Amino acid sequence: MADAATPDLTHIAPREQAEILAQALPYIRRFHGKTLVIKYGGNAMTDPALQADFAEDIVLLKLVGMNPIVVHGGGPQIDDALAKIGKKGSFVQGMRVTDEETMEVVEWVLAGEVQQDIVGLINAAGGKAVGLTGRDGGLIRAQQLKLVDKDDPSKRHDVGAVGEITAIDPSVVKALQDDQFIPVISPIGFGEHNESYNINADLVAAKLATVLKAEKLVMLTNIKGVLDKQGELLTELSARQIDELIEDGTISGGMLPKLAGAIDAAKSGVNAVHVVDGRVPHAMLLEILTDKAYGTMIRSH
């Protein structure tokens, strides 16, 4: 009987099973020993069946010799926690406004509830996951973000304890990888006075992928990928095309920081950046181990 981390292929003919496995072989060979940074968010984080799929996929990637690193968000969980204390979240240009009380909630939701759920799922699927925040090993240093207004560059928005990354020290992540652990990272940084900062998880994933010279950055989302004005999927985009789509309003809101990070990573040496539909079962695995596109690939030019 198959264990929890093994896909059920019993309804597929033996020859087809062999072909499926054979198709994955070139990708397994190509990415063996390579680092993959996966931003985990959206429905994939809140739907129990998709959660189990994600955990199994991460374990499989590790077992075949790749080095997955998970960076997670937790927006819906933070909103739920804020609602319980009678507080409603607000956003400016896709960034959560984070006052002192909100920051306390962000820390215990991300570094507590959400992170430990993910660690538990991966461990239950046969992996060895370890939870980290930006404080662990001095991983993510940050300072307060002064958000530039998208319409008036001379104007700055004060969004509270929202941080921008000043430095990443990946040594703790590398040490865990070398010991066959799977790092699960909460996007919380620390400042020069030991203050905590809430950092956009997409930007953390992109910066970490750049510093680690990752082979791939995969961002799981709640949409098919980047869509045009007609709602059609754009399977491949350049930096120039993304600038045009932002300028004409096609891309807005929460997609803005996601694509800013993706483009920075692509320009900085990450070989492939994918914005993937996390609502599709095993979308991440299919994106990495097959030719079929399950989202948008970002290239630097």
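A residue is called exposed when its relative accessible area is over 50%, and buried when that area is under 20%. Lys 213 has a relative accessibility of 69%, so it counts as exposed. This residue belongs to a predicted model, and it sits in the loop between α7 and β11. Its phi is near 55°, a positive value in a residue other than glycine.

Asn 194 lies in the loop between β9 (188-190) and β10 (196-198). Its phi is near 70°, again positive although the residue is not glycine. With a relative accessible area of 53%, Asn 194 is exposed.

From these loops the reader may turn to the sheet. Eight strands make up an open sheet with mixed pairing, in the order β5-β8-β2-β1-β11-β13-β14-β12. The edges are held by β5 (129-132) and β12 (236-237); each has a single partner strand, so one side of each has no neighbour in the sheet.

On one side, β1 runs parallel to β2, and six bridges join the two strands. On the other, four bridges connect β1 to strand β11 (residues 216-221), which is also parallel to β1. Lys 39 illustrates both pairings: its bridge partner in β2 is Val 71, and in β11 it stands opposite Met 219. Strands β2 and β8 pair in the parallel sense over two bridges.

How many of the residues of β2 are buried? Six of the six are, so the strand is largely enclosed by the rest of the structure. Asn 67, Ile 69 and Val 71 point one way from β2, whereas Pro 68, Val 70 and His 72 point the other way. Helix α7 (residues 201-211) lies across β1, β2 (67-72), β8 (182-185) and β11, and runs at about 155° to β2.

At the N-terminal end, Asp 47 caps the helix, with a side-chain oxygen 2.9 Å from the backbone nitrogen of Ala 49. After the helix comes Gly 65, whose phi is positive, near 100°. The buried residues of α3 include Leu 50, Phe 54, Ile 58 and Leu 61, and among them are also Asp 53, Glu 56 and Lys 62.

Finally, the interior deserves attention. In soluble globular proteins, nonpolar side chains tend to be buried together. In this model the largest nonpolar core has 42 residues, of which Ile 122, Met 284 and Ile 288 touch the most other members. Helix α5 (residues 100-124) gives the most to this core, with nine residues.

Which residues does Ile 288 touch, not counting residues up to four places away in sequence? They are Tyr 27, Phe 31, Leu 36, Leu 61, Met 66, Lys 216 and Val 218. Several of these names lead back to elements already described: Leu 61 is one of the buried residues of α3, and strand β1 covers residues 35-40.

Conventions
Residues numbered from 1 in each chain as written. Predicted model: local features only at pLDDT ≥ 70, side-chain atom pairs only at ≥ 80, totals over all residues. Heavy atoms only, no water. Buried < 20%, exposed > 50% of the residue type's maximum accessible area, 1.4 Å probe, protein only. Polar contact = N/O pair within 3.5 Å; in protein donor to acceptor, adjacent residues only side chain to side chain. Pairing = 2+ DSSP bridges. Contact = heavy atoms within 4.5 Å. Axes fitted to C-alpha atoms, helices over the stretch in contact; angles between N-to-C directions. Core = buried A, V, L, I, M, F, W, Y, C linked by side-chain atoms within 4.5 Å.
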